[in-house]
Amino acid sequence: MRVVEFAGMVGSGKSVLAAGARAHLRGSGRDVLSLDAAVAYAVGRVRGLRVFSSTKSVRSLAVAFGVLGFVAAHPGLTRQVLRSQWGLPITVGHRRIILGLFFRQMGALRFVDGSLRDDQIVVLDEGPTHRAVNLFSWARRIDPIAVTAYLQALPTRSLVVFVSVPKAVAVERTHDRGYPKRLDTSDGAAVRRFMDNAAAVSTLVEGHVAGRKGDAVIVRNDADVAAAEADLASRLDEHLGREPRQILRSTPLRRIRLPRPDRIQLRAGRAWDQATIAELSRSYGFDQVGAVRSAPHSGRSDVAVLDTE
């Protein structure tokens with residue numbers, strides 16, 4: 001399993017570039033999963049639980065076990081994260097949301113670690129590295145030592161993509177798009193403090209990412225988004241390998257179901273795309289009608305349904 005996580009200031013364009021990265025990697029024949037889909041895949045590999053892999057409550061329970069494992073394995077980092085929320089000028093409910101985002105993500109990553117295939121890639125719009133912005137930007141004053149200690153304590157072995165933009169550009173984009181829901185935009189001073197803090201934390205994160213060797217990418221996204229996407233695609237190919245896995249040769253069909261005479265459900269070892277389904281269905285003697293779609297309620301990215309003549 002490879003994890004590609006995005007980090008950057010609020011308004012830097014992480015989600016846009018992450019979506020472009022997913023499309024590029026899938027178009028290259030790579031198996032790309034969201035974190036939730038990765039959890040469903042890992043649940044499905046547990047004997048006796050495959051039938052429940054699409055059940056949200058079961059996936060939530062799996063993540064809860066992952067959280068327990070993470071806390072037991074990283075008590076120091078857990079204390080740092082909890083300490084980061086002490087004395088913040090925000091509500092208790094807001095702190096619970098921030099902590100919940102962090103621990104659920106770390107629990108999910110721990111649960112799926114070792115369960116996914118080596119060629120599967122999980123892409124995170126905001127990964128553990130970016131959580132530094134969520135955890136520390138709400139304070140009245142930034143503690144650079146605490147931020148740096150958090151970044152250095154992270155256990156993830158991911159490829160970090162830092163999206164770099166000038167503060168003025170990020171502020172303008174955030175103003176146009178809308179501020180985080182939990183930020184009281186009626187308080188101008190609070191908005192300015194949050195954006196100033198987010199810029200300061202992002203600078204620390206960028207310095208940390210720049211210091212990583214071989215598993216970090218910094219992409220500028222202050223002008224042409226298409227140029228940033230092209231640059232990122234090239235850098236991802238460089239880090240992840242340019243040669244995609246040969247789908248048809250290395251992953252034959254694992255299952256064929258016939259829910260009804262004119263419909264088939266296929267499962268192979270990777271996520272589908274339209275061209276692959278068309279070629280694969282023809283090779284098995286099926287005449288495809290219409291577009292391929294995901295199997296309903298499957299919770300899997302490697303299951304597809306198509307209609308036939």
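Analyst: **The sheet and its surroundings**

Five strands form an open sheet in the order β2-β3-β1-β4-β5, with parallel pairing. Here two strands count as paired if DSSP finds at least two bridges between them; helices (H or I, at least four residues) and strands (E, at least two) are DSSP runs, numbered from the N terminus. The edge strands, each pairing on one side only, are β2 (31-33) and β5 (216-220). From one strand to the next, the twist averages 25°.

The model is predicted: local features need pLDDT of at least 70, side-chain atom pairs count only at pLDDT 80 or more, and totals for chains, interfaces and linings use all residues. Residues are numbered from 1 along each chain as its sequence is written, and side-chain values use heavy atoms, with hydrogens and water left out.

Within the sheet, β1 (residues 2-8) pairs with β3 (residues 120-124) in the parallel sense over 4 bridges. Glu5 stands opposite Leu124 in β3. Helix α9 (residues 188-211) packs on the sheet and touches β1, β4 (159-164) and β5, where contact means heavy atoms within 4.5 Å. The direction of α9 makes about 135° with that of β4; axes are lines fitted to C-alpha atoms, for helices over the stretch in contact, and angles run from 0 to 180 degrees between N-to-C directions.

A helix pair may be described next. Helix α4 (residues 75-83) and helix α7 (residues 144-153) pack at an angle of about 145°, and their axes are 10 Å apart. The contact involves Leu77, Gln80 and Val81 of α4, together with Ala149, Tyr150 and Ala153 of α7.

Charged pairs complete the account. A salt bridge is a side-chain nitrogen of Lys or Arg within 4 Å of a carboxyl oxygen of Asp or Glu, and by this rule the count comes to 9 salt bridges. One of them joins the side chains of Arg30 and Asp237 (3.8 Å, N to O). Arg30 lies in the loop between α1 (14-27) and β2, and Asp237 in helix α10 (residues 225-240), so the pair ties together parts that are 207 residues apart in sequence.
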